[in-house]
Amino acid sequence: MDNTNADIAKAPLPTASTLRRRQNLVVQAWRFAALNFRFLTMITKGDH
Amino acid sequence: MARVVVLGAGISGHTAALHLKRRLKGDHEVIVVSPNSKWNWIPSNIWVGVGKMTPAQVTFPLAPIYRRKGIEFHQALATELHPMGSPVEPRPHVSIRYTDPAHSGEEALVTYDYLINATGPKLNFAATPGLGPDANTVSVCTAAHAVEASQRFSDIIDKLKSGERQSLVVGVGHGTCTCEGAAFEYCFNVEHELRMAGVRELADVTYLTNENELGDFGVGGMTFSQSGFQTTSKLWTESLFRERGVHAVTQAHVERIEPGVIHYEQLDGSKNTLAFDFAMLLPPFRGADLKAFDEAGVDITADVFAPSGFMKVDAKYESTPYEEWSADDWPRTYESATLPNVFGVGIAFAPPHQISRPRTSANGTVITPAPPRTGMPSGVMGKTVAMTISDRILGDGRAPAHRASMATMGAACVASSGVGFRKGTAAAMTMYPVVPDYATYPETGRSPKDTFGEIGLAGHWIKFMLHVVFIYKAKARPLWFLIPE
């Protein structure tokens, strides 16, 4: 049974401050650095 | 002097060829056979498909790069594999048919000491009647397809601007498709561009997928840690759909597509229809049409390749129930299961089974995503096999194989929409490993520290950075090899 659209309707919505944070240049510059670091950590973790 | 032949010049084959030449230098031959004259950074086709990039920004000609690096390039399609030779050539060889305009249709033999099959997918639009750019839907699988998608999407925006309501469907066109992440990304690019054009209110956007639930992405979903809680990729993805007002149909196998109508079956056995004015549906993949023969000319294709056309490698192909699936089922070295000195990498290798739990509808139709193995995993496999082959050529031929199982390899998926420094946003996800390993990570099968999702402008910057960096790497610019796969 596909209840997807009912589930979507119940999903949490981001708050206004979360939406602002997602576009805030200072916050996102920090997240850019943090995400790159986490990506690199993940990439180097493999046994290859 | 040894000769390595690489079939295919996509992410996996091109990566393998460059690393082979870097290590073998001029002492040995590296030959690339690819029917395409250009390399394509496929992840950015999404932006071509909404008119925000041109094909020239996501492709470049291969021949000048290979000329500069001393790699021999044949723009040709590999048609037959003769791993034990044939009556006309006793050495292992590949039959090829040229596709470049100067020699179109001409045939030749290329002998090899080592062979890498990196032929990628055959886009199997024929699996679903009415699917594809030659029929009723568009695609973003190639740059040319994406250009056509962009033109059709532009027409839809014009109609919306004239006040005409339009239905847009984005997703996958068969119950066994893969690359749901790409469809998801294109869906949100379409939604973003509709908003930017000021016509979002008149457009119904629907994501149509074979995933059992949103957030599956063909990897069985993920568990993220956020703000001190564990959450699922399902809830995380549903939140994005709600925020952007995108509808979804899951558990769907598209049976056929008529002009303006998609006919699909769902896991409960119900048969439904979905009307559309614009539909971008990805096709299922098959292996390339490559046949194999023994020295007497007997067809051994069924020994070398799975029924799907993908090459059998060092995976465990015995059929086992989902509950018994293990990380150990997945290949490590990508050496052919039957042929010496032959490897299958990227999409060309046959996975042992899906990653998502397999499901069939009440009518017996398989509706389960195939495992994704594009992008980062493809590049890692290409490099791994290049290291194995170069070690063997430079040593005594018995060097142990390098290993890179998808059960010990991570992957990142950055679904970005919009363009420009401030206008974009992205859903960035990483997982480690791609194939869940419940022996190492009993709770979720994946490392909680390395499996996460985040939405924001930063992911969009990363996506653009990856576009620039990987094209730089593929062009073999100075120090290209320092950039990880």
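User: Why is helix 9 of chain B largely enclosed by the rest of the structure?

Analyst: Good place to start! One way to read this is to count buried residues, meaning those with 20 or more other C-beta atoms within 10 Å of their own. In this predicted model, 16 of the 19 residues of helix 9 of chain B are buried, so that helix is largely enclosed.

User: What distance does helix 9 of chain B reach from its first C-alpha to its last?

Analyst: The helix reaches 27 Å, close to the 27 Å expected at 1.5 Å a residue.

User: Into which domains is chain B divided?

Analyst: Domain 1 takes in 3–123 + 285–394, and domain 2 takes in 125–283 + 408–482. Their C-alpha centres lie 25 Å apart.

User: How many residues of the two domains are in contact?

Analyst: On the domain 1 side of chain B there are 46, and they meet 56 residues of domain 2. Among the elements of domain 1 that each supply at least two residues to this side are helix 1 (11–24), helix 4 (62–69) and our helix 9 (376–394) of chain B. By class, the domain 1 side has 26 nonpolar, 15 polar and 5 charged residues.

User: And between the chains, how many residues are in contact?

Analyst: Here 27 residues of chain A touch 38 residues of chain B. Helix 1 (4–10), helix 2 (16–23) and helix 3 (25–45) of chain A each give two or more residues to the chain A side. Helix 3 of chain A has the largest share, 11 residues.

User: Which classes make up the chain A side that touches chain B?

Analyst: That side has 12 nonpolar, 8 polar and 7 charged residues.

Methods: Residues are numbered from 1 along each chain as its sequence is written. Chains are lettered from A and ligands numbered from 1 in the order in which they are written. This is a predicted model: local features need pLDDT of at least 70, side-chain atom pairs count only at pLDDT 80 or more; totals for chains, interfaces and linings use all residues. Domain bounds come from an automatic or database domain assignment. Two residues are in contact if their C-beta atoms, placed from the backbone, lie within 7 Å. Helices (H or I, at least four residues) and strands (E, at least two) are DSSP runs, numbered from the N terminus. Ala, Val, Leu, Ile, Met, Phe, Trp, Tyr, Cys and Pro count as nonpolar, Asp, Glu, Lys and Arg as charged, and the others, Gly among them, as polar. The expected span of a helix is 1.5 Å times one less than its number of residues. A residue is buried if 20 or more other C-beta atoms lie within 10 Å of its own, exposed if 12 or fewer, and partly exposed in between; C-beta atoms are placed from the backbone.
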